[in-house]
Amino acid sequence: MYKATVRDREISGKTALVRVDFNVPLKNGEIGDDTRIRASVPTIEYLIGKGCKVILCAHLGRPKGKVAPEFSLRPCAVRLAEVLKKDVGFVGDCIGDEVGAAVAKMQAGDVVLLENTRFYAEEESKDEASIVEFGGKLAAPADFFVNDAFGACHRNHGSTYGVTKHLSPCVAGFLVELETDQLTQILQAPQEGFVVVLGGAKVEDKIGVIKSLLPKCETMLVGGAMSWAFFKAKGMEVGLSLCEPESVAAAKDIYATMGGDLKKLKLPTDVYMKNVAGDHQIKHAAADAIEPGWDALDIGDETRKAYAEVVLKAANVFWNGPMGKYEDKPFNEGTLAVAKAMGDCPGFNVVGGGDSVAAVTQMGVADTIDHISTGGGASLEFLEDGKLPAIEALDDK
Ligand code: ADP
Ligand code: MG
């Protein structure tokens with residue numbers, strides 16, 4: 001990568017502030033999927049090996065600037081200790097005297113995790129000065145900064161950006177390096193054989209990546225509720241299917257601005273829909289035969305087969321967003337068909353996005369994917385122009 005990493009600077013024996021992405025799914029204090037915690041281990045072990053004192057900071061959920069025990073990072077410290085097979089201290093605050101006292105007791109190679117940075121409103125403030133000031137408080141006990149929180153790099157927050165104004169060096173960790181390198185490979189893929197698969201619910205969240213990748217790819221396969229926004233933009237009936245006005249507006253914008261590239265954008269030709277206004281019967285229908293009162297919840301067999309064929313032949317594939325309401329069987333079948341094709345595709349393939357990653361994991365094909373991004377929004381934003389604000393704030397190589 002073009003930014004300095006932990007390997008590029010002399011950091012032995014120093015105190016590191018490491019921004020990690022521990023934004024894991026939590027239910028009643030139990031961690032669901034710990035992929036993000038495991039992904040932070042190479043950097044943490046490297047720093048331990050260099051005799052650093054390792055102070056970790058992160059956010060969890062959306063506590064909106066207030067202390068909220070259900071968003072405590074404590075369970076992540078426990079899980080990290082299990083994964084590292086080493087004690088991990090936990091500090092019940094992320095700034096101030098409690099942190100200072102805990103760090104003063106640290107020895108070389110010790111690891112502590114600080115409490116959720118989002119317990120302070122300044123972390124996510126819109127005001128640059130306040131972000132930088134908060135960053136100063138986070139930076140106070142450390143000598144240098146490591147950003148390894150790829151999933152948080154699309155936001156200039158106190159812990160991803162503010163801190164960089166106070167510490168030197170500011171370097172990337174191995175996860176940020178890996179994610180950047182893999183996604184750059186997708187971004188630079190030759191047009192021939194480059195397939196993008198986009199699903200999920202909201203076109204407006206993905207409009208940036210659609211506009212950026214449509215000219216670069218050979219084919220863009222659209223599935224999920226996103227498709228209905230394109231249908232509606234074309235004046236087709238979508239019944240009671242999930243289709244927000246913002247998504248329709250975004251789809252219209254794409255139709256109005258993407259010119260000749262629009263021929264690469266493929267929409268489902270058939271669907272599975274449910275009679276939600278009536279007896280909840282499920283039936284197969286052509287895309288132009290969605291009826292009022294019915295909810296289209298998955299792509300149909302013909303679309304599954306066509307999409308799988310395109311994916312199988314691809315040289316490079318990027319996939320974000322499920323093809324249907326995969327949480328509700330049998331509407332997981334369309335997503336499963338694409339997931340299987342990704343698994344069988346000999347080309348280079350990358351999956352990004354919280355729900356898409358959950359889908360490939362649930363379906364047991366995660367091992368066959370070349371790279372599974374830990375960043376949802378971050379991976380999409382990266383693919384817009386190969387940059388993310390918090391990565392830009394790090395030192396050049
Ligand atoms: P990701 O997290 O992978 O970026 P999104 O968050 O954009 O994906 O979208 C995932 C959500 O979209 C899931 O909750 C899924 O159930 C929903 N979804 C996809 N297709 C449909 C559909 N046809 N009807 C209703 N919900 C859908
Ligand atoms: Mg999601």
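**Ligand site, helix packing and backbone**

In this predicted model, a nitrogen atom of ligand 1 is 3.4 Å from an N or O atom in the side chain of Trp-228. That is a polar contact (a pair of N or O atoms within 3.5 Å; within protein, one must be able to donate a hydrogen and the other to accept it, and residues adjacent in sequence count only if both atoms are side-chain atoms). Local features here need pLDDT of at least 70 and side-chain atom pairs pLDDT 80 or more, while totals for chains, interfaces and linings use all residues. Side-chain values use heavy atoms, without hydrogens or water; residues are numbered from 1 along each chain as written, with chains lettered from A and ligands numbered from 1 in written order.

Asn-320 also reaches the ligand through its side chain: an N or O atom there is 3.4 Å from an oxygen atom of ligand 1. Gly-324 uses its backbone instead. One of its polar backbone atoms is 3.4 Å from a nitrogen atom of ligand 1. Altogether, 19 residues surround ligand 1 (a heavy atom within 4 Å). The closest are Lys-206, Ala-225, Glu-327, Asp-355 and Ser-356.

Helix H7 covers residues 203–213 (helices are DSSP runs of H or I, at least four residues; strands are E, at least two; numbering starts at the N terminus). H7 packs on helix H13, residues 377–385, at an angle of about 35°, with the axes 8 Å apart (axes are fitted to C-alpha atoms over the stretch in contact; angles run from 0 to 180 degrees between N-to-C directions). The crossing of H7 and H13 is left-handed (near helix turned anticlockwise from the far one by less than a right angle; clockwise is right-handed). From H7, Lys-206, Gly-208, Val-209, Ser-212 and Leu-213 make the contact; H13 supplies Leu-380, Leu-383 and Glu-384 (contact means heavy atoms within 4.5 Å). Four of these residues are nonpolar, two polar and two charged (Ala, Val, Leu, Ile, Met, Phe, Trp, Tyr, Cys and Pro are nonpolar; Asp, Glu, Lys and Arg charged; the others, including Gly, polar).

H7 also meets helix H8, residues 226–233. Their axes come within 10 Å and cross at roughly 85°. H7 and H8 are therefore roughly perpendicular (65 to 115 degrees; under 35 is roughly parallel, over 145 roughly antiparallel, the rest oblique). Lys-206 takes part again, with Val-203 and Ile-210 of H7, against Met-226, Ala-229 and Phe-230 of H8. This contact has five nonpolar residues, one charged and no polar.

Another pair is H10, residues 301–313, and H11, residues 333–344. They pack at about 20°, axes 8 Å apart, and are therefore roughly parallel. The crossing is right-handed. Tyr-307 and Val-311 of H10 are among the contact residues, as are Ala-337 and Met-342 of H11. Eight residues of this contact are nonpolar, one polar and three charged.

Now the backbone. A cis peptide bond joins Lys-329 and Pro-330, with omega about 0°. Pro-330 sits in the loop between strand E15 (316–320) and H11. The Ser-168 to Pro-169 bond is also cis, omega near 0°. Pro-169 lies between strands E7 (144–147) and E8 (170–172), in a loop. Lys-85 is not a glycine, yet has a positive phi of about 55°. Its loop runs between helix H3 (74–84) and strand E5 (89–91).
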